[in-house]
Amino acid sequence: MQWIKSKSIHAAEFFHGTLELVEEDTSVILFKGEDETRPLVDRVERFAEKITKELFIIDTKDYPLEGISEKFRKFFAVNVNWALTGQISVYLERERNHPLELRRYYRKMEY
């Protein structure tokens with residue numbers, strides 16, 4: 001939505017080619033949840049720490065979820081990530097002077 005060339009990829013797929021794109025100045029954002037896939041993200045983190053200086057990690061374990069037991073946190077982690085990315089979108093919208101309603105193609109043409 002911000003017209004930033006980027007690609008989201010699941011940690012399980014990262015080592016099937018995407019790792020070759022990472023360089024010292026490549027921005028890598030990791031979303032660490034609390035489910036069974038966490039070890040996959042940990043592996044990407046260990047790799048990225050060796051290569052890029054632009055690693056940013058959003059880890060749901062860093063955020064309290066009062067009233068939610070450890071056993072069930074994994075089911076709510078996606079909500080934490082959703083809330084955080086929503087705030088990042090607001091920040092980018094303001095800093096780049098690019099409202100999220102401004103689109104090139106989405107709902108502008110048939111596709």
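The model is predicted: local features need pLDDT of at least 70, side-chain atom pairs count only at pLDDT 80 or more, and totals for chains, interfaces and linings use all residues. Residues are numbered from 1 along each chain as its sequence is written, and side-chain values use heavy atoms, with hydrogens and water left out.

**View 1. Overview of the protein chain.** The protein chain contains three helices and two strands, where helices (H or I, at least four residues) and strands (E, at least two) are DSSP runs numbered from the N terminus. Along the sequence these elements follow the pattern α-β-α-β-α. The C-alpha atoms fill a box of roughly 45 × 40 × 30 Å, taken along the principal axes. Of the 111 residues, 23% count as buried; buried means under 20% relative accessible area, exposed over 50%, and partly exposed in between (1.4 Å probe, protein chains only). Among contacts (heavy atoms within 4.5 Å) between residues at least 6 apart in sequence, 65% join residues at least 24 apart.

**View 2. Surface and charge of the protein chain.** The chain exposes about 8,900 Å², of which carbon and sulfur atoms supply 54%; accessible areas come from the Shrake-Rupley method with a 1.4 Å probe, and for residues only the protein chains shown count as cover. There are 18 positive and 20 negative side chains, and the centres of the two sets lie 3 Å apart. Lys and Arg count as positive and Asp and Glu as negative, without His and the chain ends; each charge is placed at NZ of Lys, CZ of Arg, CG of Asp or CD of Glu.

**View 3. Helix α2 and its buried face.** The 14 residues of α2 (residues 38-51) should span 20 Å at 1.5 Å a residue, and the end C-alpha atoms are 20 Å apart, which agrees; the expected span is 1.5 Å times one less than the number of residues. Residues R38, V41, V44, E45 and A48 of α2 are buried. Seen down the axis of α2, the buried residues fall within an arc of 115 degrees, so they line one face of the helix; the arc is that of the directions from the helix axis to the C-beta atoms. The cover over these buried residues includes α1 (11-14), β1 (27-32) and β2 (54-59).

**View 4. E45 within helix α2.** E45 is found in α2 and counts as buried at 15% relative accessibility. Not counting residues up to four places away in sequence, E45 touches L30, K32, L55 and I57.

View 5. Most residues other than glycine have a negative phi. W3, in the segment before α1, has a positive phi of about 60 degrees although it is not a glycine; at 38% relative accessibility, W3 counts as partly exposed. R107 likewise is a residue other than glycine with a positive phi, near 60 degrees, and R107 is exposed, with a relative accessible area of 71%.

**View 6. The loop between β2 and α3.** E70 lies in this loop and is exposed, with a relative accessible area of 65%. E70 and E34 are 36 residues apart in sequence and 9.2 Å apart in space, C-alpha to C-alpha. G67 also lies in the loop between β2 and α3, and G67 is exposed with a relative accessible area of 80%. G67 and V78 are 11 residues apart in sequence and 16 Å apart in space, C-alpha to C-alpha.
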